[in-house]
Amino acid sequence: MFSRVSLKASLPKHRLRRGDVATNVEHHRGRPDQEPGYTLEVFNAVGETVDVVTVQESQIDPLTAKSLLRVRPLAQAV
């Protein structure tokens, strides 16, 4: 919980791109035949919430010491 992750895929409906950073706020176990998922909160560069999205586990990667953060204008999302 509350770990930061990066998106492995763009989410055009939410104006989010692959590589954007989000914070894990909830884990969803899923049913036996369903992939686990997470609710993520996405913040802008000054800490304001941009969106809250639910994704499958396969759509995110944990951040590591080899990860580099970047900044981009939200209006140019996808």
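Is Asp-20 buried or exposed in this predicted model? With a relative accessible area of 11%, Asp-20 is buried, because buried denotes a value under 20%. The views below begin with this residue.

View 1. Asp-20 is placed in the loop that runs between E1 and E2. Its side chain forms a polar contact of 2.5 Å with the side chain of Arg-72. Beyond the neighbours within four places in sequence, the residues in contact with Asp-20 are Val-5, Ser-6, Leu-7, Arg-70 and Arg-72.

**View 2. The largest pocket, with Asp-20 among the residues that lie nearest its centre.** The pocket holds about 590 Å³ of space. Strands E1 (4–7), E2 (21–28) and E3 (37–43) are the elements that each give two or more residues to the lining. E2 provides the largest share, with 3 residues. In total, 22 residues line the pocket; besides Asp-20, those nearest the centre are Val-21, Phe-43, Asn-44 and Arg-70. Sorted by class, the lining comprises 13 nonpolar, 5 polar and 4 charged residues.

**View 3. Met-1, in the segment before E1.** Met-1 has a relative accessible area of 57% and is therefore classed as exposed, the threshold being over 50%. When neighbours within four places in sequence are left aside, Met-1 is in contact with Asn-24, Val-25, Glu-26 and His-27. Between Met-1 and Val-55 the C-alpha to C-alpha distance is 15 Å, at a separation of 54 residues in sequence.

**View 4. Phe-2, a residue other than glycine with a positive phi.** The phi value of Phe-2 is near 65 degrees. Most residues other than glycine have a negative phi. Phe-2 belongs to the segment before E1. Its relative accessibility of 61% places Phe-2 in the exposed class.

**View 5. Arg-15, in the loop between E1 and E2.** Arg-15 is not a glycine, yet its phi is positive, at about 60 degrees. How accessible is Arg-15? The relative accessible area of Arg-15 is 42%, so the residue counts as partly exposed, a class that lies between the limits of 20% and 50%. Asp-20, which is also placed in the loop between E1 and E2, is buried at 11%.

How values were computed
Residues numbered from 1 in each chain as written. Predicted model: local features only at pLDDT ≥ 70, side-chain atom pairs only at ≥ 80, totals over all residues. Heavy atoms only, no water. 1 Å grid on protein atoms, 1.4 Å probe; cavity = no way out; pocket = protein on both sides within 12 Å on 5 of 7 lines; lining within 4 Å. Points joined across faces, edges and corners; volume = space filled by probe spheres on them. Helix = DSSP H or I, 4+ residues; strand = E, 2+ residues; numbered from the N terminus. Nonpolar A, V, L, I, M, F, W, Y, C, P; charged D, E, K, R; others polar. Buried < 20%, exposed > 50% of the residue type's maximum accessible area, 1.4 Å probe, protein only. Contact = heavy atoms within 4.5 Å. Polar contact = N/O pair within 3.5 Å; in protein donor to acceptor, adjacent residues only side chain to side chain.
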